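Open the model in your viewer and keep the selection tool at hand. The stops below say what to select next and what is there.

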Amino acid sequence: MLKYIIRRTLLVIPTLLAVTFIVYTLLIVTPGDPGRIILGEFASQEAVDQLNHELGADKPFIQRFADYVVGILTRFDFGNSYRTGNAVVDEIMVRFPYTLFIAFCAVTGSTLLGMPIGILMAAKRNMLVDRSVNILAMIFAAIPSFVFALSLIYVFAVQLKWLPPFGVKTWQSFILPLVTLILPSSVSRMRLARTTMLESIRQEYVTMARSKGIPENRVIFVHALKNSLIPLITSILNSFSGMLGGAMILETVFSIPGLGLYIVQGIKLKDMPTTLATTIFLAAIFCFTSLLLDIIYALVDPRIKSRYTKEAR
Amino acid sequence: MKRILSAILAMAMILSMVACGSTTETEETKTESTTTTETTETTETEEESKEPEKEVPTVLRLSDTADIDTLDPMHSMLGSSGAILSLIYENLIEYAYWYDANGNTVSGYKGVLAEDWAFSDDYLTVTFNLKKGVLFQNGSEMKASDVVFSFQKAMESPSKQARMENIVSTEATDDYTVVVTLSAVTPAFLDNMCRVPIINEAYYNEVGAEEFGKAPMGTGPYKFVEHKEMQGTTVEAYEDYRDGVAAIKTVTWDIMADTASAQMAFEAGSFDKFSIALENVDTVEASGQWNLIQTDNYAPVAMYVNNSHDILGNVKVRQAIHYALNKDNMVTLAQDGKGSIADSFFHPELMTNTTYVDEPYTYNVEKAKELLADAGYANGEGLPTLKLITITKWEKHALCVQQDLAELGINVEIQTLEASTFLNDITVGNYDLAVNMAALSNLVYPWRMLYHSDFLGKTNFGQVNDPAIDELFNKLGATMSDDEQKAIIKELVNYINVNVNYVPLTYTTSVTAYHPDLVINGHPRSASAYDLSWAK
């Protein structure tokens with residue numbers, strides 16, 4: 001088992017290296033001179049050349065990439081932002097809590113909302129509740145998140161003036177962004193819960209439980225639900241990285257100072273260290289979430305566990 | 001099923017009623033979330049307006065689309081930083097607008113930290129007499145040595161060096177007199193002096209360069225309070241400001257990266273002053289809740305032409321293109337009818353010593369076709385597809401150009417680029433045509449950066465290499481006489497009009513919405529937060 005975990009952990013390293021190489025290459029080949037970006041269009045060419053030399057931007061591509069990777073591995077140095085001159089790592093650490101908070105709340109909220117409704121839909125399949133919720137789910141799934149976000153701002157901030165339209169000054173500021181994330185994502189959680197529950201309900205052991213006269217609630221919540229949890233847990237953990245991405249779009253719309261707004265500003269200003277480090281950071285989160293998921297699988301699923309136990313023997 | 005449909009329809013009706021209800025109606029139901037919001041509501045119900053006393057706000061809430069880069073005035077380049085720094089720091093002089101006795105707009109240079117200034121007869125020495133008793137926000141008095149120090153820092157700053165053109169020395173002859181020596185006559189000198197902030201030497205040396213960029217301290221009417229990364233900045237009135245403490249005690253900037261949500265936040269009453277996108281002007285005007293002030297921009301939206309291109313290097317092709325452009329249509333379609341067509345690269349009314357062109361290009365497709373045929377490309381035959389680059393802001397103008405040139409048989413492929421990529425491409429000449437706003441100065445001379453061969457590979461984006469233009473700019477740079485400048489500019493304006501090195505398209509207009517209770521004391525074009533107050 002330990003061997004499996006070590007092997008999976010080691011796989012993260014080439015993945016992150018590949019991501020770094022691809023993003024680094026893309027940013028290098030797109031036009032834009034670092035010295036010119038930092039010093040502005042009216043700076044003298046001599047000053048620009050001098051700064052490019054100091055930044056190492058005049059070195060060959062491979063050497064620059066190698067220097068970058070060595071800097072990360074030896075000093076945890078992802079470079080300094082072209083815009084502010086500050087270490088990118090420090091800036092990411094200031095912003096990440098906002099994105100993490102939003103993603104965490106969104107995953108929790110969508111799970112708490114989507115799962116019970118999905119279970120209810122499965123228990124009441126093809127009845128009025130099931131069909132009505134399905135229609136609403138389709139509507140939420142079809143609306144692009146930024147359109148939904150702007151609609152919410154329009155109704156609740158512009159017209160009703162109940163909630164602030166942007167920012168993080170008060171706790172109310174988080175309501176609209178969270179609703180924007182939670183409602184559409186709870187739809188997928190709801191559908192999955194419904195499908196897996198329906199599969200479980202059709203199993204023979206559920207029929208057996210019913211034939212024994214066990215109350216329906218106990219059949220659903222104890223017998224059927226327990227066996228539907230693995231795909232649901234997978235979906236919840238997987239959605240966490242997805243939520244980080246979703247939060248990034250919403251951060252721009254709602255002006256939340258998280259990683260999303262940070263990377264968008266970085267791209268706009270062609271701030272290469274910012275864009276690169278944020279991408280690597282998000283890729284690392286994605287990798288480690290997948291790793292965690294695999295380890296949980298291995299611990300929970302007896303088939304995986306037995307495979308590695310046999311290999312060890 | 002009918003019941004479900006009825007329920008959905010009922011929900012839709014409720015939502016639409018909520019969405020379409022007027023602000024006045026919904027006012028009754030709003031919550032009072034923060035003091036700031038409470039004090040700056042945009043509308044009032046009749047009952048509310050009858051209240052005997054209404055608290056006068058003290059805060060001015062503004063927005064910006066980007067965060068700051070640095071608050072070191074010598075190194076900041078972003079407009080977002082500039083807006084904040086302009087309230088904290090001051091220059092020796094400024095180019096200001098005001099109304100004369102008849103209510104007409106007049107403009108000119110005014111002393112800010114300088115009481116007055118004088119050029120020597122040969123225009124190679126400038127003496128600034130500084131105002132006495134000007135205090136920095138830490139209480140120390142501004143002296144001539146601070147000005148000399150500021151000039152040194154500007155010389156060291158790559159982004160300010162261009163503003164220190166031809167300055168060979170700066171000397172403090174006493175505490176209130178600064179003498180600047182120039183290596184050559186410099187017509188842009190005063191314009192440059194409007195962009196060199198005066199910083200406190202002792203404070204800079206005490207806190208060091210890094211801290212100086214985080215905690216700015218100048219002589220301006222507002223002092224820095226705090227900056228929250230990606231959230232915003234706050235400044236507050238400097239109580240010992242020499243011209244009196246500002247009526248507006250606090251100014252805040254919130255960062256709104258997304259323009260659509262910024263507009264929504266503005267409509268929700270989150271900002272007291274807001275720059276409106278032209279397509280939203282009619283809606284905001286119709287709401288009747290804001291005072292809209294329109295100011296014309298001196299800088300034109302222009303089409304850059306790559307003069308080094310095999311085909312576009314031919315003046316007849318460039319002229320044909322100019323004749324083929326329907327600029328009236330462009331104002332209507334790309335600017336929602338706001339602004340005006342641009343005949344000249346140099347605004348004949350808003351720039352100094354400029355003039356109208358003698359023979360402006362009028363929309364004439366037949367003439368354009370004739371010229372194109374003369375150049376050997378009848379009906380566009382033999383012409384490759386031209387690459388037109390632009391940025392999102394000018395995409396509509398680019399589409400108009402594409403449509404107009406299609407009538408000539410010229411195919412144009414539009415590429416909308418990120419600003420930094422766009423800048424890089426126009427700098428190295430990696431384009432055929434480009435649409436952008438050219439904004440440099442309201443003096444003509446600095447515009448040589450776009451025309452003079454000395455700036456090839458730098459800011460001569462049109463890759464113009466014409467000795468006659470170089471010569472005219474050289475002559476302009478060698479005189480300080482208004483009459484001589486006017487004569488040279490007239491010649492220059494008409495020469496470049498014939499040669500179409502760049503194609504002026506339209507002049508845009510900026511529309512700013514002000515809270516109806518905000519009073520502008522002075523000319524809106526020059527008004528800063530210091531010139532605003534809340535009606536009592």
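Select A:R83, A:R95, B:D67 and B:E229: these residues are linked in a network of salt bridges. A salt bridge here is a side-chain nitrogen of Lys or Arg within 4 Å of a carboxyl oxygen of Asp or Glu. This is a predicted model, in which local features need pLDDT of at least 70 and side-chain atom pairs count only at pLDDT 80 or more, while totals for chains, interfaces and linings use all residues. Residues are numbered from 1 along each chain as its sequence is written, chains are lettered from A and ligands numbered from 1 in the order in which they are written, and side-chain values use heavy atoms, with hydrogens and water left out.

Stay on A:R83. Its side chain meets that of B:E229 in a salt bridge, 3.2 Å from N to O. The pair crosses between chains: A:R83 lies in the loop between α4 (61–75) and α5 of chain A, and B:E229 in the loop between β8 (222–228) and β9 (232–237) of chain B. Helices (H or I, at least four residues) and strands (E, at least two) are DSSP runs, numbered from the N terminus. A:R83 also forms a salt bridge with B:D67, where the closest N and O atoms are 3.7 Å apart.

Is A:R83 buried or exposed? At 10% relative accessibility A:R83 counts as buried, whereas B:E229 is partly exposed at 25%. Buried means under 20% relative accessible area, exposed over 50%, and partly exposed in between (1.4 Å probe, protein chains only).

Next, select the whole interface of chain A and chain B. Here 48 residues of chain A are in contact (heavy atoms within 4.5 Å) with 54 residues of chain B. The two chains bury about 4300 Å² between them, 63% of it on carbon and sulfur atoms. Buried area is the accessible area (1.4 Å probe) that two parts lose on being put together, summed over both. The rule finds four salt bridges across this interface.

Which element gives the most to the side of chain A that touches chain B? Among the elements that give two or more residues are α5 (88–123), α7 (145–159) and α10 (216–254) of chain A. α7(A) gives the most, with seven residues.

Now move to salt bridges within chain B. Select B:E90 and B:R242, whose side chains meet at 3.0 Å, N to O. The pair links distant parts of the chain, 152 residues apart. B:E90 is buried at 7% relative accessibility, and B:R242 is partly exposed at 27%.

Then select B:R448 and B:E165, a salt bridge with its closest N and O atoms 2.4 Å apart. B:R448 is in helix α16 (residues 448–451) of chain B and B:E165 in the loop between α6 (144–156) and β6 (167–174) of chain B, 283 residues apart. Both B:R448 and B:E165 are buried.

The last stop is strand β17 (residues 502–514) of chain B. Twelve of its 13 residues are buried, so β17(B) is largely enclosed by the rest of the structure. Strand β12 (residues 291–305) of chain B runs antiparallel to β17(B), joined by eleven bridges; two strands pair if DSSP finds at least two bridges between them. To see this pairing, select B:P300, which stands opposite B:Y507 in β17(B). Four bridges join strand β11 (residues 273–276) of chain B to β17(B), also antiparallel, and B:I276 stands opposite B:V511. Strand β13 (residues 340–341) of chain B has two bridges to β17(B), again antiparallel, with B:I341 opposite B:T506.
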